[in-house]
Amino acid sequence: MIFPVSATNGSATQKGLRVGLFIPCYIDMIFPEVGIATLQLLERFGLDVHFPLGQTCCGQPMSNSGDESNAAAAEHLFVENFAPFDYVVGPAGSCVKQVRCHFDAIEQTDDVRHVRQETYELVEFLHDILQVDSFPWAEFQHSVALHNSCSSIRGLGIAKPSEIMGAPFDKSAALLSKVRGLVLVPVDRPDDCCGFGGTFCVTDEAVSARMGLDKVHDHLRHGAEYVVSPDMSCLMHQQGIARRAGLDLKYVHVAQVLNGGPF
Amino acid sequence: MSNTKKADPAAAAELFILRDQVHEPMHDRFLWATMQRRDAQAAAIPEWEELRELASKIKEHTLTHLDHYLEEFEANATKRGAHIHWAIDAAEHNTIVHSILESHGVKELIKSKSMLQEECQMTPFLQNRGIKVIESDLGERIQQLDGQPPSHIVFPSIHKTRRDVAQLFARKIGTDPNNDDPHFLTEVMRNNARPRFLAAGAGMTGGNFAIAETGTFMVCTNEGNADIGASVPPLHIASIGIEKLVPRVEDMGVFLRLLARSAEGEPLTQYSSHFTGPRKGGELHIVLVDNGRSRRLGMPDFWHSLKCIRCGACMNTCPVYRRSGGLAYGATYSGPIGVILDPTFDEFKYSELPFHSTLCGSCTDVCPVKIDISDQIFKWRRVMAKKGYLPLVKRLAFAAAGRAFGHPEEFRLMEEAGGPALGYAPDFLLYNHSLNPWGRDRQLPQPAKKTFREWYLANRSEHGND
């Protein structure tokens, strides 16, 4: 399969850079189309993208549960796999936040520092590093509710949190607004957590499900057909809630929309 | 390890949610609306973020020079005629208060809201010694009548509907159980409380801020109940945590601008009262309480929690607290600030609290004194894991997952054994195949026919040996 390289997009100096594609374990197994969309999208910008086959998981479930000793092995392996690349890009805010902010279970060698510093969530990589100004191949004739995950907003800074005062910005919305036909609908609680929270969604099931249901209703109330997010884990949770409640909402990753599929 | 039973916030929150279709949605909506008022008030102040930074710096400075400012406060308050007492812990606080009351022959006490007195369990201590204690804050009085602790540090009975209050008053005061008009209920409480103010031999308050340079302390309320309690009875006793110190009067220009806006989305509390020495003919005692604060000051990861000004904004913004109700935490302090404070009192009893959070980070961003609450929750999880307080199923599962995630070939085996065809995503999250709480309220994700890895090997064969 060959994908056209767009010459009109992005910063020319970035072409040919070696990018390590970080596909979180749940995306690999449950949402392979998100991985495919991410890979194809990055290739469109002329980057040399590789998926290191030795990768497993970033160790977030253990680390978030306070279990540093069991997180350490995953962290070592991650660094070993991704140290050779100029950039590491992953389509998952919470996993990227784990790498950048919480890889503390292992010794901070030069490789570890390099990987932590150069690992980007897909939206911020497109917005800040490639500075993409158009997605001519993409079209999405739907009303969309955007769900930026808490890790992406408050951990990585891809949008202004509502609690912090200052000029508003939202990198995901900025990218999606360049997609032909796509209409973003406003929602009541754009950055109120949806209740996924990793292991929280099973250890605190009742609260998690209630938060998810409130989120689904917020999206429905405003006429969204699709919910789009840079974090598939939040969507996996919301989708499960919506399906159980028999509510008609579709969930796709921002990479699928920006790449024009696959869906 | 203490022998006390662990607080189980997840189970208690589930009961709050399942109770009916009224309480949890009301609780969530009210607090969310409070947050929106807070956001609007904060947005109206261009220097809001600078104020937060300044408040944080003032508190950090004070806490790192606490001995100096405490002695300055003591000297100045004493000069103004107040009696200063030092209490190392809750027991000493309660004993001091009791001995002051006893020496003055006080049999009935009217008190305003104080989380510190709550923390010290002062009311049961005094009542067991024959002293009648009446709460004068409306929400606290409702909780007292119901035999419950406050569920929120600013709105003590916020988990109750007005119908709950009408029925409670009917039982305890004899009013019409069907009249749940808030004006009526407030008037009932006002008339019920008024004679108590006159009968009380002493009034007790807490203190929001203690100002070192003048020996003044401030009490901020909306109902004015603290002011009556401090003005009518001849004896005024204030309990103040040692972390409440600020150096100068002008510092209040920072904190008062932040406090009510953060707490309730109002520019200022109705009453912001300064108490400097006893009033004419009265007597003022100030009990400065440590109760674990010095020890917390020595904890590198957690001492910043002492900056807290008890505004409750972290509770209002917390999506988990809003769905749980404060009583679910089973502790004096609930919500995000409770999650990081309570374990400093009893690590085992409150070991589940740090897990009652999605780590969304909103609490950190809303905090007017910039406490890194979310990071501290994360760090408390590490403490609980190191102490061996993680539930056993989680410990075993993570040990197995830890091995698999460190070794690609084991991970592949795990992938193949579980297999996407089985749609085992939820179990995958807990790494425990015997439990599946995912499915109670959620459909399982549809399994993928082929993993991304398989697609990649088939479609990017030139990269096959990456």
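Which strand runs parallel to β7 of chain A, and how many bridges join the two? Select residues 226–229 of chain A, which form β7(A), and then β8(A): the two run parallel and are joined by four bridges. Within this pair, Tyr226(A) stands opposite Lys250(A) of β8(A). Strands here are DSSP runs of E with at least two residues, helices are runs of H or I with at least four, and both are numbered from the N terminus; two strands pair if DSSP finds at least two bridges between them.

Before going on, note that this is a predicted model, in which local features need pLDDT of at least 70 and side-chain atom pairs count only at pLDDT 80 or more, while totals for chains, interfaces and linings use all residues. Residues are numbered from 1 along each chain as its sequence is written, and chains are lettered from A and ligands numbered from 1 in the order in which they are written.

Now turn to chain B, where four strands form an open sheet in the order β8-β5-β6-β9, with mixed pairing. The edge strands of this sheet are β8 (245–246) and β9 (271–275) of chain B, each pairing on one side only. Select residues 216–221 of chain B to show β6(B), which pairs with β9(B) in the antiparallel sense over five bridges; Phe217(B) stands opposite Phe275(B) in β9(B).

Return to chain A and colour its two assigned domains, domain 1 (12–129) and domain 2 (143–259), whose bounds come from an automatic or database domain assignment. Their C-alpha centres lie 22 Å apart, and 27 residues of domain 1 are in contact with 23 residues of domain 2, contact being counted if the C-beta atoms, placed from the backbone, lie within 7 Å. On the domain 1 side of this contact, the largest share, six residues, comes from α2(A).

Finally, display both chains together: their contact takes 65 residues from chain A and 65 residues from chain B. Among the helices that each supply at least two residues of the chain A side are α2 (32–44), α4 (68–82) and α11 (205–221).

Key. Two residues are in contact if their C-beta atoms, placed from the backbone, lie within 7 Å.
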